[in-house]
Amino acid sequence: QVVFETDTALLAGAKADALTLSRERLPTEVDLVVVMGGDGTLLSMATRTAQSGHDVPILGVNFGSLGFLTETRIDDRPQEFPRHNPKVGLQQHRYGYTSEVSPGAANLHGAIIKIDVDQGTTEAHEFGHGRGGAEPVVVPKADGTAEDDCWILTVVYDATTETSELCVLDAADISAPEVARIQLPQRVPYGFHGNWVNDSSVPPA
């Protein structure tokens, strides 16, 4: 027996005697939900089904132009400040870079994490006890061709000495020792944001 969601029945021109239920009641009254639409329709119905507390299977029939959105967790660590190579902005890309968040630890931030979305894997650069990197700024190498031919710039706070430094990492070998460490004259607060601007774009003052 087929039951239509009320608004869907009207849009689809269902017969007047068709069985209908509201979107809120539908997950609690049926054995299978068939969603015909795009990402938003599927996600909306999945949310309502979860909120209903009923374990009802959902079959998606894609009528959207972008395909269904899927979510896969690659790494369980809390993270923030996601960045990628600016050369692949607004394009499908393979690598992302984030700052690990460690609430309650000596330092709010921890490792800089490199995420390979194609392989579903991560690598990390650990700065040592009490030390953590903030937002990873991605700077393409001048002669780079691969997506991860980049330098990663991050301000590292050392909670054991209450000092900060700018560290430079090689994105292609993120777990290797820092390429450079530049001591800063004072501690940089948490949440610091920044971007790299090439001299060819903005001449030095």
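Which residues make up the largest nonpolar core? I started there.

I am working on a predicted model, where local features need pLDDT of at least 70, side-chain atom pairs count only at pLDDT 80 or more, and totals for chains, interfaces and linings use all residues. Residues are numbered from 1 along each chain as its sequence is written, and side-chain values use heavy atoms, with hydrogens and water left out.

**Cores.** I took a nonpolar core as a set of buried Ala, Val, Leu, Ile, Met, Phe, Trp, Tyr and Cys residues joined through side-chain atoms within 4.5 Å. Buried means under 20% relative accessible area, exposed over 50%, and partly exposed in between (1.4 Å probe, protein chains only). The largest core has 12 residues: Tyr95, Tyr97, Ile112, Phe127, Val138, Cys150, Ile152, Val156, Cys167, Leu169, Ala171 and Ile174. Strand S6 (95-101), strand S11 (150-158) and strand S12 (163-170) each supply at least two of its residues. S11 gives the most, with three. Helices (H or I, at least four residues) and strands (E, at least two) are DSSP runs, numbered from the N terminus. Another core lies apart from this one; it has eight residues, including Leu21, Val30, Val33 and Leu42.

**Cysteines.** I searched for disulfides, meaning pairs of cysteine sulfur atoms within 2.5 Å. The count is zero. Cys150 is in no disulfide, and its nearest cysteine sulfur, that of Cys167, is 18 Å away. Cys150 is buried, at a relative accessible area of 0%. Cys167 is buried too, also with 0%.

**Surface patch.** Next I looked for nonpolar surface. Patches are made of residues with over 30% relative accessible area and no salt bridge; like charges are joined within 9 Å, nonpolar side chains (Val, Leu, Ile, Met, Phe, Trp, Tyr) within 5 Å. Leu32, Val34, Met36 and Leu59 form a nonpolar patch, with about 370 Å² of accessible area together. That area comes from the Shrake-Rupley method with a 1.4 Å probe, and for residues only the protein chains shown count as cover. Met36 sits in strand S3 (residues 33-37).

**Aromatics.** How many aromatic pairs does the whole structure hold? I found one. Rings of Phe, Tyr and Trp (its six-membered ring) pair if their centres lie within 6.5 Å; planes under 30 degrees apart count as stacked, over 60 as edge-to-face and the rest as tilted. Tyr157 and Tyr190 are edge-to-face, 5.8 Å centre to centre with 90° between the planes. Tyr157 lies in strand S11 and Tyr190 in the segment after strand S13 (180-183), so the pair ties together parts 33 residues apart in sequence. Tyr157 is buried at 8% relative accessible area, whereas Tyr190 is partly exposed at 35%.

**Salt bridges.** I counted 11. The rule is a side-chain nitrogen of Lys or Arg within 4 Å of a carboxyl oxygen of Asp or Glu. Arg48 bridges to Glu24, with the closest N and O atoms 2.8 Å apart. Arg48 is in helix H3 (residues 39-52) and Glu24 in the loop between strand S2 (20-21) and helix H2 (26-29), 24 residues apart. Arg73 and Asp76 meet at 3.5 Å, N to O. Arg73 is exposed at 67% relative accessible area, and Asp76 is exposed at 65%. Arg181 and Glu165 meet at 2.8 Å, N to O. Arg181 is in strand S13 and Glu165 in strand S12, 16 residues apart. Glu165 is buried, at 6%. Shared partners join Arg131, Asp158, Glu165 and Arg181 into one salt-bridge network.
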